[in-house]
Amino acid sequence: THFGFRTVREEEKAKLVHTVFEQVASRYDLMNDLMSGGLHRAWKQSMIDWLNPPRGARPFHLIDVAGGTGDIAFRFLERAGVASQVTVCDINEHMLGVGQGRAEAKAFEGRIEFACGDAEHLPFPDNSFDAYTIAFGIRNVTHVDQALREAYRVLKPGGRFLCLEFSRVAVPGIDDIYEAYSFAAIPRMGKWVTGDDAPYQYLVESIRRFPDQETFKRMIGEAGFGNVSYRNVTGGVAALHSGWRL
Ligand code: SAM
C-alpha cells in the first residue's frame, strides 16, 4: 500500500479470500480433514497445549482471530477453567454463523462471543485480552505486519501471542512429496468437494508465499513481542509461533 490505499492486487486478494471462505463455510471441516489427512486436529490441540490456559477459577480471556467455525475456541473452552472466555473474531459472517450454531449445540453460550472484524483493524480497545490465537488465518491477511501490531495492541501486558500456520517442511525427501501433494492434490480435492479449484490454487500459493519459520519469527519480534520462539509440527508442514507482550 501507499499512503493507506489498497492496490488493485490487494483488493483482489481480499475479495478472493472472502469468496474462498464463503464457498467452503459449510464444508469447511470436511475440507480441513481431507487436505490435512486429519492432522489439523492434532496441530490445533498442540496449540492449546502450548497455550496451557489456567484451569482454575482465574478469569482468562482469549481472542481467537480468524476463528472461523470455532475450532480453536471450542478446544480452548473444553480445556480452560470455567472463568475463562473466548472472543472469536473473523472477517467472514458465513464462517461465524457456522461457529455460532455449534456453540449453541455445545452449550458454550455465555463463555463465547462472535465478532465480525478484520485482523488488521480489530474492533477492540487496547489491553483487552490475556492471549491471542490465530490458526491458519494470518496467511490470508493482506498486511501481516499490521495484523501482528494489532495483536500486540489488544493484548494486555504479559499477554501471549500464538500462531498456527503452514510453514516450510524441513525434512529432506518429504518436502518434495509435500510439494507434489499440495500443488496437484489439494486443488483437485477442492474441485471435487466444492466444484471449483481456483480458490484452492490460491490456498496452495498462499502457503508457498508465506514466510518461513525464522523469517516469521523475526516479524513477530519486529511487532514488539518478546521471547519469540516456534515449534514445528509434522516436520514443518505447519509451525506454532509464540511471543509475549512483555
Ligand atoms: N482458525 C480456523 C481454523 O483453524 O479452522 C479457520 C481458519 S480458515 C483457513 C481462515 C479464516 O480466516 C477464515 O474463516 C477467513 O474468513 C478468515 N480471515 C481471512 N482474512 C481475515 C482477516 N483479514 N481478518 C480476520 N479473519 C480473516
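This is a predicted model: local features need pLDDT of at least 70, side-chain atom pairs count only at pLDDT 80 or more; totals for chains, interfaces and linings use all residues.
1. Where does D90 lie? The residue belongs to strand β2, which covers residues 84–90. D90 counts as buried because it has 25 C-beta neighbours inside 10 Å, and 20 or more are enough for that class.

2. Which residues does D90 touch, once those up to four places away in sequence are set aside? The contacts of D90 are A66, G67, G68, M95, L96 and C116. One of them, C116, falls in strand β3 (112–116).

3. Is D118 buried or partly exposed? With 18 C-beta neighbours inside 10 Å, D118 counts as partly exposed, because buried residues need 20 or more and exposed ones have 12 or fewer. So, of this annotated pair, D90 is classed as buried and D118 as partly exposed.

4. Now to the helices. Helix α3 (residues 39–51) packs with helix α4 (residues 71–79) at an angle of about 50°, and their axes are 10 Å apart. That angle makes α3 oblique to α4. The crossing of α3 and α4 is right-handed.

5. What meets what between these two helices? From α3 come K44, Q45, M47 and I48, and from α4 come D71, I72, R75, F76 and R79. By class, the residues of the contact of α3 with α4 are four nonpolar, one polar and four charged.

6. The second pair is α2 (residues 28–36) and α7 (residues 174–194), packed at an angle of about 150° with axes 10 Å apart. Why is α2 called roughly antiparallel to α7? The angle is about 150°, and angles over 145 degrees count as roughly antiparallel, so the pair gets that name. The crossing of α2 and α7 is right-handed.

7. On the α2 side, the contact is made by L30, M31, L34 and M35, while α7 contributes I186, M189 and V193. The residues of the contact of α2 with α7 divide into seven nonpolar, no polar and no charged.

Technical notes. Residues are numbered from 1 along each chain as its sequence is written. Helices (H or I, at least four residues) and strands (E, at least two) are DSSP runs, numbered from the N terminus. Two residues are in contact if their C-beta atoms, placed from the backbone, lie within 7 Å. Axes are lines fitted to C-alpha atoms, for helices over the stretch in contact, and angles run from 0 to 180 degrees between N-to-C directions. Angles under 35 degrees count as roughly parallel, over 145 as roughly antiparallel, 65 to 115 as roughly perpendicular and the rest as oblique. A crossing is left-handed if the near helix is turned anticlockwise from the far one by less than a right angle, and right-handed if clockwise. Ala, Val, Leu, Ile, Met, Phe, Trp, Tyr, Cys and Pro count as nonpolar, Asp, Glu, Lys and Arg as charged, and the others, Gly among them, as polar.
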